[in-house]
Amino acid sequence: MNDADIRFMRLALTLGRRGQGRCWPNPAVGCVIVRAGRIIGRGSTAPGGRPHAEVVALAQAGEGARGAAAYVSLEPCAHHGKTPPCAEALIAAGVARVVVAVEDTDPRVAGQGLAMLRAAGVEVTTGVLADEAGADLRGFLRRAAGGAPWITLKLATSFDGRIATASGASQWITGPEARRHVHAMRARHDAVMVGAGTARADDPMLTVRGMGMAHQPVRVVVSRRLELPEGGKLARSAGDVPLWLCHGPDVDEDRRAAWAARGARLVPCAVAGRQLDPESLCAALGQAGLTRIFCEGGAALAASLLSAGMADELAGFTAGMALGAEGLPAVGAMGISELAEAHRFRLAEVRQVGGDVLHRWLRD
């Protein structure tokens, strides 16, 4: 690994990030083709997951790829699916060297792409900017290894951890800059998820707005009995923007049929106690292809995910105001009596966004 490897891989990572939220169930990968120190091809995974980044970059490089080096943020695939393996495409193009950030955890690949390249006489280098690539691809890598998507839990609260006053007033605790930043975060995820209580209280659209984007993430609502407003914004837009409803097995058939007729996708999940089992919920969403989910509460869903250890990342926006004990808490009851019972997260980032503070935490 040298300075040039780092420079070109950093560009590949930047290209890969452009596809976040638009490539699922495939990973958002970036690829750069370099010949004699000059970039002759670049590509990122196309919306919907195809064509892959390597194919896009090779098409741009053309015959110039022969004898060149390819920088790829994820191990090239080795299996035949709807498209031929990217490892084969690199070999056929005559690429002399392939530099990879991280290996693929998908059992269909898992080192086989690298082995295929080496067997064809291609020089292979791995581990360049592996930590950065792993962070970018962690949703795909986690789902490929264990089945569940990466869950980011976002909470916008007052200084004392409240999301609304006692009367339910919550617009707006944080400022316009923080709210715009939330829309940018939504755009980088496959799905935005809320609980039924939030859907009833706020009547949200859960779309990305003000970013100049035509693409929208999947909107996921967790409601054991599908007790959602049938005349609300989600119901009215179900045929235009993807809406998935996660529910329990005891929902009335007529209610399920009514939501399906509106255009919603129904996702059945197991029940634990009085709510949906969080592990079953996350497994079902992973099975459906989602890799990165941005959960925006409410309090009961947040408590459920935290208690089950299913929240991988916390993103908190804190405003400089206090609402007092009578305000509504950001997280519901978790039954914790000893500090040792609480899941620990490590601080990843702190920065000011407008008049508020963003702090991000990763599960330790």
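Q: What makes two aromatic rings a pair?
A: Rings of Phe, Tyr and Trp (its six-membered ring) pair if their centres lie within 6.5 Å; planes under 30 degrees apart count as stacked, over 60 as edge-to-face and the rest as tilted. This is a predicted model: local features need pLDDT of at least 70, side-chain atom pairs count only at pLDDT 80 or more, and totals for chains, interfaces and linings use all residues. Residues are numbered from 1 along each chain as its sequence is written, and side-chain values use heavy atoms, with hydrogens and water left out.

Q: How many aromatic pairs does the structure hold?
A: A pair of aromatic rings is described by the distance of the centres and the angle of the planes. The structure holds two such pairs. Phe8 and Tyr71 are tilted, at 5.3 Å centre to centre and 45° between the planes. Phe8 belongs to helix H1 (residues 3-17) and Tyr71 to strand S3 (residues 69-74), so this pair ties together parts 63 residues apart in sequence. Helices (H or I, at least four residues) and strands (E, at least two) are DSSP runs, numbered from the N terminus. Phe8 is buried, at 4% relative accessible area. Tyr71 is buried, also with 4%. Buried means under 20% relative accessible area, exposed over 50%, partly exposed in between (1.4 Å probe, protein chains only).
Trp24 and Trp244 pair edge-to-face, at 5.8 Å centre to centre and 80° between the planes. Trp24 sits in the loop between H1 and strand S1 (30-35), Trp244 in strand S10 (residues 243-247), so the pair ties together parts 220 residues apart in sequence.

Q: Which residue lies over the face of Trp244?
A: A charge sits over a ring if NZ of Lys or CZ of Arg is within 6 Å of the ring centre and within 35 degrees of the ring normal. Over Trp244 lies Arg265, 4.4 Å from the ring centre. Arg262 has its charged end over the ring of Trp259, 4.7 Å from the centre.

Q: How many disulfides does the count give?
A: A disulfide is a covalent bond between the sulfur atoms of two cysteines. The test is a pair of cysteine sulfur atoms within 2.5 Å. The count here is zero. For Cys31, the nearest cysteine sulfur is that of Cys86, 8.5 Å away.
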